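My notes follow the structure.

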Amino acid sequence: MDPAQPGGPAGHRPGDRRAGRAAGVKVALNASPSPGQPLDLRDVDLVIVNEGEAAALLAGAGAAEPGSQPEDLAAALGLETLIVTRGAAGASIHACGHATVQVPSVEVQAVDTSGAGDAFTGALLGRITCGDSLETASAIAARFAASATTRVGAQASYPRDFQVDEPSVFTVARDS
C-alpha cells in the first residue's frame with residue numbers, strides 16, 4: 001500500500017495513485033489533516049481519517065447532509081474501505097457492501113494524543129504488509145496508538161518495545 005498523505009511527498013497527486021494502481025498496488029490515503037477541499041479518491045482503495053475528517057469527506061463529496069450519515073460510508077465515497085479512528089473509542093472499519101466492524105481501543109492513562117492517528121496508520125499499514133487481516137491489523141494499530149498516547153510528543157512517543165500479542169486475543173464487534 002502507498003501510505004500517501006495529501007501534503008506528503010508521495011500520493012498527493014492523482015497521477016501517483018494512478019501509477020500505483022496500474023502497478024497492481026493497493027493505495028492507502030491517510031487524509032489527515034483534512035485538506036479543507038474535496039479530495040479526488042479515484043484510484044484509492046483505503047482511506048484512514050478521524051471522525052471529523054470523515055464527516056468533512058462525506059460532505060465534500062455530497063454524500064451526506066450535515067448531521068446525517070449514509071449507511072455504507074465506503075460506498076458513499078466510492079471506496080473499497082474507509083477506516084475511521086475514534087480516539088479512546090477505537091476505530092470502525094467500513095468496507096463497501098459489508099457490515100461496519102467496531103475495533104475497540106484499550107484503556108490507558110493518556111498524557112498526549114499528538115500523533116496518535118499517525119501511530120494508528122503506520123501500525124495498520126505495517127501489519128497489513130505483514131499479511132494480517134484488516135481487522136487484526138486495526139486491533140493492533142488501536143493498541144499501538146493507545147500506547148503512544150501514554151508518552152509526550154508525536155513520533156518520540158511511539159513505543160519502541162511494543163509487543164504484538166497473538167491475533168486470537170483480539171475481538172471486534174460487527175454491526176448488523
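I began with N30, which I found buried at a relative accessible area of 5%, where buried means under 20%, exposed over 50% and partly exposed in between (1.4 Å probe, protein chains only). The model is predicted, so I note that local features need pLDDT of at least 70 and side-chain atom pairs count only at pLDDT 80 or more, while totals for chains, interfaces and linings use all residues. Residues are numbered from 1 along each chain as its sequence is written, and side-chain values use heavy atoms, with hydrogens and water left out.

N30 belongs to strand β2; strands (E, at least two residues) and helices (H or I, at least four) are DSSP runs numbered from the N terminus. The N30 side chain makes a polar contact with that of D118 at 3.3 Å, a term for N or O atoms within 3.5 Å, of which, within protein, one must be able to donate a hydrogen and the other to accept it, and residues adjacent in sequence count only if both atoms are side-chain atoms.

Strand β2 (residues 27–30) is covered on both faces, with V27 and L29 buried on one side and A28 and N30 on the other. I then saw that β2 pairs with β3 in the parallel sense over three bridges (pairing takes at least two DSSP bridges), and that L29 has V47 as its bridge partner in β3.
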